[in-house]
Number of protein chains: 2
Amino acid sequence: MTEKHFLYHFLNPKSVAFYGANNKGGSLAAIQIMNLIKSGYDGHIYPIHLELESVMGYKAYKTIADIPEVPDLVVIVLPAKIVPQIFKECGEKGVKRIILISGGFRELLDDRKNTLTEEICQIADKYRMRFIGPNCLGVFNNWYRNGNENQAFNTAIWEILKKGNFSIASQSGTLSSHIWFDPKNIDLGLSKSLSVGNEANIDIVDCLEYYKDDPDTHVIGLYIEELKRGRKFLELAKKTSPNKPIIAIYVGGSKAGNRALQSHTGSLSGDTRIYDALFRETGIISTEYVQEFLDIALILSRGILPKGNRVGIITNSGGPGAMIANNAEKKGMIVPELSNSLQMELKEMLPANASYRNPIDCAFDMNLPYFYITIPEILMKSGEIDAIIQYGVVGFQDVMDDYLKYDQIAKNAEFGHQPDEIMDSLAKKLVQPTVENSKKYSVPILHVSPMPFNSPWSKRLRENGFNLFKLWDRPVNALAKVCKYVRFKGKLLEGRKN
Amino acid sequence: MTEKHFLYHFLNPKSVAFYGANNKGGSLAAIQIMNLIKSGYDGHIYPIHLELESVMGYKAYKTIADIPEVPDLVVIVLPAKIVPQIFKECGEKGVKRIILISGGFRELLDDRKNTLTEEICQIADKYRMRFIGPNCLGVFNNWYRNGNENQAFNTAIWEILKKGNFSIASQSGTLSSHIWFDPKNIDLGLSKSLSVGNEANIDIVDCLEYYKDDPDTHVIGLYIEELKRGRKFLELAKKTSPNKPIIAIYVGGSKAGNRALQSHTGSLSGDTRIYDALFRETGIISTEYVQEFLDIALILSRGILPKGNRVGIITNSGGPGAMIANNAEKKGMIVPELSNSLQMELKEMLPANASYRNPIDCAFDMNLPYFYITIPEILMKSGEIDAIIQYGVVGFQDVMDDYLKYDQIAKNAEFGHQPDEIMDSLAKKLVQPTVENSKKYSVPILHVSPMPFNSPWSKRLRENGFNLFKLWDRPVNALAKVCKYVRFKGKLLEGRKN
């Protein structure tokens with residue numbers, strides 16, 4: 001279905017030519033080729049360079065005319081003023097798709113008339129070429145369709161990322177590329193990323209249209225400074241968001257923000273109230289924070305939506321429980337007191353100093369299978385809550401291993417290091433039933449631990465499918481927005497029935 | 001001065017006896033001894049145990065009476081019901097200070113009358129003993145005064161932490177101990193931490209009184225569920241906060257939050273409005289988020305306060321600049337357009353596609369010394385801004401090193417790995433002048449990078465004194481609260497003059 005969309009071949013090209021690449025580290029086009037090498041791309045790569053014989057090991061061509069085939073995609077990183085000439089050469093060669101990385105078009109203060117942009121648009125139209133940019137950072141496709149399973153088509157991101165169902169389209173290269181520089185601390189899997197830059201020819205609406213029907217995209221993220229086709233966007237977003245949630249960062253509304261935008265993409269942002277209304281009407285989840293944007297995407301990408309906004313809180317520590325409850329209520333969620341029968345059921349398995357009214361404080365000496373599996377299951381089954389936030393100081397083996405580095409402790413302690421296989425198997429046994437139950441009852445569960453995100457135990461929890469957060473602020477805020485989306489979706493579906 | 005305060009000896013004891021410790025990993029008292037071993041404590045340690053000959057290598061005693069001296073401090077981790085008897089034995093021995101870790105006192109639903117708490121309070125009074133707890137996690141002193149420089153007196157925290165000037169007093173053990181489990185991701189140095197638990201004898205007001213005069217405490221953090229001595233707290237906070245900023249998390253105001261508190265420490269929280277008014281009157285910086293609590297503390301602990309709330313934004317990427325500007329204005333800060341003369345000065349050193357009105361977008365190909373040193377210095381000198389937030393995608397050597405792991409790239413690239421010494425020296429040259437300027441002009445500068453917080457370049461920036469944040473949301477929010485505190489402080493000092 002998406003194969004017919006013109007963006008499909010931007011994301012799955014069989015061959016790519018690069019203008020502007022050399023063998024130096026600082027060259028943006030060279031970086032794009034290096035990203036292709038890292039991500040295992042095995043299509044044809046044709047660097048174009050007037051002097052070099054080869055670039056990053058690929059034979060270089062003096063002009064595009066010399067390339068033995070018509071490249072599926074051309075990437076240009078050359079000064080703006082020579083781009084029209086390059087566009088013409090591409091057109092003559094029969095090229096249909098260009099990614100124009102170069103900046104220096106309408107964002108220059110002395111070219112407000114956009115004559116250069118107009119010129120390249122006219123050339124593109126003449127030769128029936130489509131192009132992304134100018135002033136963008138390239139594209140990323142973790143589900144590249146022409147190669148083997150482990151490949152990606154990636155010119156934009158320096159790291160190898162987990163495959164996932166979250167796709168992003170962004171008017172800022174930072175959001176499309178640079179926020180992905182720390183994969184060890186991001187569990188959110190990425191499907192596609194499109195950096196649209198100044199949108200001279202292809203805009204964020206095109207991307208949304210593509211993602212709407214892309215089978216590998218379940219959740220959509222947008223960074224918006226300006227919408228050029230508001231009506232079309234509204235229509236598309238309305239159709240898309242009940243099935244594929246859309247999370248948007250809209251930047252506008254402040255004086256300084258607008259000043260920044262003018263310099264950035266040359267766009268003039270609109271009144272915030274217009275965008276707020278647009279987001280409300282379409283059920284777009286809006287946020288001003290990049291971390292929250294990623295957190296919401298992580299929760300939604302699991303595909304388990306709460307049915308309402310009642311939160312169950314399970315902790316083994318009082319303070320975080322109270323803070324989570326407090327913030328959840330402030331953000332519009334309900335933290336219901338559990339029914340008597342449910343309280344009695346919980347009481348039986350908890351220590352005497354525990355509490356079980358919600359928040360459920362299991363106290364520090366709780367039993368791990370109860371904490372990880374049984375108590376969440378009881379809550380999920382009960383129908384009294386729609387989502388769970390669980391805070392725990394767990395991962396004692398990591399702590400003990402650390403103590404054992406000290407001679408005096410190692411010599412005297414009646415405990416030792418547990419082999420990795422045992423801990424691996426323990427994590428699997430504790431985590432997987434809860435992940436299954438979460439799906440079965442459609443009750444998302446968010447876990448919080450103060451331990452390092454990459455400590456052995458935290459890693460085991462994450463690898464087995466837990467949504468893990470470092471501290472308890474972020475999951476509350478993100479969950480509140482997910483619950484708001486669910487209410488919107490419910491209303492919309494209700495409306496359709498009537 | 002603080003040596004005369006009764007809390008001094010809780011934090012600097014020459015000897016400690018432990019009730020409840022054994023050689024097992026799960027024993028909370030054993031963990032406290034292991035923390036002492038890790039932190040290099042070299043005072044006397046006396047485990048008390050009816051059966052064991054030794055605990056963690058220390059000779060064990062059957063009763064406290066058998067110990068050859070009166071221990072400076074006694075730590076108790078035993079079931080609540082036998083605590084009165086232990087208290088009596090301690091009193092008879094001549095003990096003056098107890099930390100009562102054990103829970104199970106008034107937080108138990110069936111002991112609302114607090115008879116057990118009353119009983120131990122009476123025993124303590126009779127023998128003129130002071131005690132912390134019950135239901136607490138112990139104490140931490142990174143500036144232990146009886147040993148060598150590298151020692152700490154620490155029963156509470158599992159990790160070795162950077163020494164600093166931030167001290168915390170908390171009614172939740174999580175805030176005093178568990179949020180410190182990830183030292184590689186926390187640059188905030190800790191001075192002291194006191195977990196006060198149920199405050200049967202010593203409360204958060206005592207801690208504030210101690211921190212007020214403690215020379216190693218410059219910034220104070222409080223986690224409050226309930227204030228038992230409101231008037232005294234108000235007086236003390238008013239005196240303290242203009243000199244030593246106080247950051248407080250107050251948990252209360254929501255139904256579920258109160259339910260959690262009753263179960264946690266048995267306290268009944270007050271009306272949020274009372275606490276809000278209290279915080280406003282005293283200039284206490286209040287937050288609902290634990291991460292923000294730590295971020296504000298980090299900024300304040302550097303001792304460089306902005307003079308107002310005008311923010312300069314320096315980036316090499318448009319999107320984050322626009323988001324920072326937008327959020328800064330929403331949080332009450334001003335992002336002023338720079339004067340013409342300042343803009344002209346900046347224009348000269350920036351690439352053609354850069355912008356310099358504020359936000360200053362240096363564009364991707366900026367010159368590093370300009371980015372790190374010269375542009376911040378020009379802003380600081382100008383008197384047009386009071387604080388700087390700087391976002392940069394830098395650390396290219398880390399990225400290049402990563403590319404060089406791929407054979408094809410390593411074979412063909414005209415760049416190589418830079419020796420650590422060169423990178424170390426570069427970081428020093430780029431960072432230290434700006435840290436100096438920040439002090440000189442009293443303009444705090446907060447740096448943001450999307451790279452991993454522990455990547456080689458990020459680590460170098462941090463080690464040389466930069467306030468580094470992973471993404472750009474947190475520094476804006478934290479800085480806004482710091483600016484609010486500065487306004488309060490200014491008004492207060494103004495008021496005193498008149």
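Trainee: Why is B:Asn358 called buried?

Mentor: In this predicted model, B:Asn358 has 27 C-beta neighbours inside 10 Å and therefore counts as buried, since a residue is buried if 20 or more other C-beta atoms lie within 10 Å of its own, exposed if 12 or fewer, and partly exposed in between, with C-beta atoms placed from the backbone. Its phi is near 95°, a positive value in a residue other than glycine.

Trainee: Where in chain B is B:Asn358?

Mentor: B:Asn358 sits in the loop between strand S16 (355–356) and strand S17 (360–361) of chain B, where strands (E, at least two residues) are DSSP runs, numbered from the N terminus.

Trainee: What makes A:Met56 count as buried?

Mentor: A:Met56 has 26 C-beta neighbours inside 10 Å, so this residue counts as buried. Its phi, near 50°, is positive although the residue is not glycine, and its place is the loop between strand S3 (54–55) and strand S4 (58–59) of chain A.

Trainee: Which residues does a cis peptide bond join in chain A, and which in chain B?

Mentor: In chain A the cis bond joins A:Gly133 and A:Pro134, with omega about -5°, and in chain B a cis bond joins B:Gly133 and B:Pro134, with omega about 0°. A:Pro134 belongs to the loop between strand S7 (130–132) and strand S8 (139–141) of chain A, while B:Pro134 is in the loop between strand S7 (130–132) and strand S8 (139–141) of chain B.

Trainee: How are the residues numbered, and what pLDDT do local features need?

Mentor: Residues are numbered from 1 along each chain as its sequence is written, and chains are lettered from A in the order in which they are written. Local features need pLDDT of at least 70, and side-chain atom pairs count only at pLDDT 80 or more, whereas totals for chains, interfaces and linings use all residues.

How values were computed: Helices (H or I, at least four residues) and strands (E, at least two) are DSSP runs, numbered from the N terminus.
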